[in-house]
Amino acid sequence: MNPIIEEIRITLQSLAHQKNQETSSRFFKEGEAAKVYGVRMPLVNNLAKDTFKLLRGLDKNSIFDLCEELWKSAYLEEAIIACIWSESLRKSYEEDDIKRFEYWIDTYVNNWADCDTFCNHTVGNYMMKFPHQLKILKRWAGSKKRFVRRAAAVSLIVPAKKGHFLNEIFELADILLVDSDDLVQKGYGWLLKSASQAHPEMVFNYVMKNKHNMPRTALRYAIEKLPADMKIEAMKKSI
């Protein structure tokens, strides 16, 4: 085992607390397979940043290999560290890196926290750097795996807040519109909500056009940041 990985695991074990473990476990739904040490997230974040300093001198792919070792453990805290490390390399991303990112999502992501932390930041930064790869997200949206479908949506959360990729966001929402999984519904609803911060009128129009097919969960998420009059109109039931 790599000594840095070993140090991380020893430290996480020393910081673990049963009460935190029980609290963290309650955040996950049936069908999510997260294991938790029970370490508070601020401590996990600090550990990730401190240990990343020890990786100086390693090339990007060697660090990605270490990230994969952390992903393999299936522990939430180790996955979060892997996410922070991979996002810290954003200036060095290359186009082919999406193959590894996709593999991690498909193979290791098994809960909403892993999915959102990784996709909001690592994949989101990648898509901002290589926007011609957005087509990959449409393929993810058609996956049989719930977290790959959620990943398709939440990968554009940060760009959406900045006003980017609105057409692609609506295309993803179209694909996910009637998805029966509530975690996917919340994912694309969150994406529309984020897009509404820069494009309220266009998101409102999209919601009004699709509200009769959109699950209520997705609808409520989508309109959360809209002006009050738009929210009232969107929530009206048809006569």
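Because the model is predicted, local features need pLDDT of at least 70 and side-chain atom pairs count only at pLDDT 80 or more, while totals for chains, interfaces and linings use all residues. Residues are numbered from 1 along each chain as its sequence is written, and side-chain values use heavy atoms, with hydrogens and water left out.

**Exercise 1.** Determine how α3 and α5 are oriented to each other, and which residues make the contact.

Solution. Helices are DSSP runs of H or I with at least four residues, numbered from the N terminus. Helix α3 covers residues 41-52 and packs against α5 at an angle of about 45°, with the axes 9 Å apart; axes are lines fitted to C-alpha atoms over the stretch in contact, and angles run from 0 to 180 degrees between N-to-C directions. Angles under 35 degrees count as roughly parallel, over 145 as roughly antiparallel, 65 to 115 as roughly perpendicular and the rest as oblique, and α3 and α5 are therefore oblique to each other. The contact (heavy atoms within 4.5 Å) is made on the α3 side by Met 41, Val 44, Asn 45, Leu 47, Ala 48, Thr 51 and Phe 52, and on the α5 side by Leu 76, Glu 77, Ile 80, Ile 81, Ile 84, Trp 85 and Ser 88. By class, the contact of α3 with α5 has ten nonpolar, three polar and one charged residues, where Ala, Val, Leu, Ile, Met, Phe, Trp, Tyr, Cys and Pro count as nonpolar, Asp, Glu, Lys and Arg as charged, and the others, Gly among them, as polar.

**Exercise 2.** Describe the orientation of α11 and α12 and the classes of the residues in the contact between them.

Solution. The axes of α11 and helix α12 (residues 182-196) come within 10 Å and cross at roughly 155°. The two helices α11 and α12 are therefore roughly antiparallel to each other. From α11 the contact involves Leu 166, Ile 169, Phe 170, Leu 172, Ala 173 and Leu 176, and from α12 Val 184, Tyr 188, Leu 191, Leu 192 and Ala 195. The residues of the contact of α11 with α12 divide into eleven nonpolar, no polar and no charged.

**Exercise 3.** Locate Ala 74 and Phe 165, and state for each whether the residue is buried or exposed, or in between.

Solution. Ala 74 lies in the loop between α4 (60-72) and α5 (76-88), and has a positive phi of about 70° although it is not a glycine. Buried means under 20% relative accessible area, exposed over 50% and partly exposed in between, with a 1.4 Å probe and protein chains only; at 25% relative accessibility, Ala 74 counts as partly exposed. Phe 165, which is likewise not a glycine, has a positive phi of about 60° and is placed in the loop between α10 (157-161) and α11 (166-176). Phe 165 counts as buried at 16% relative accessibility.
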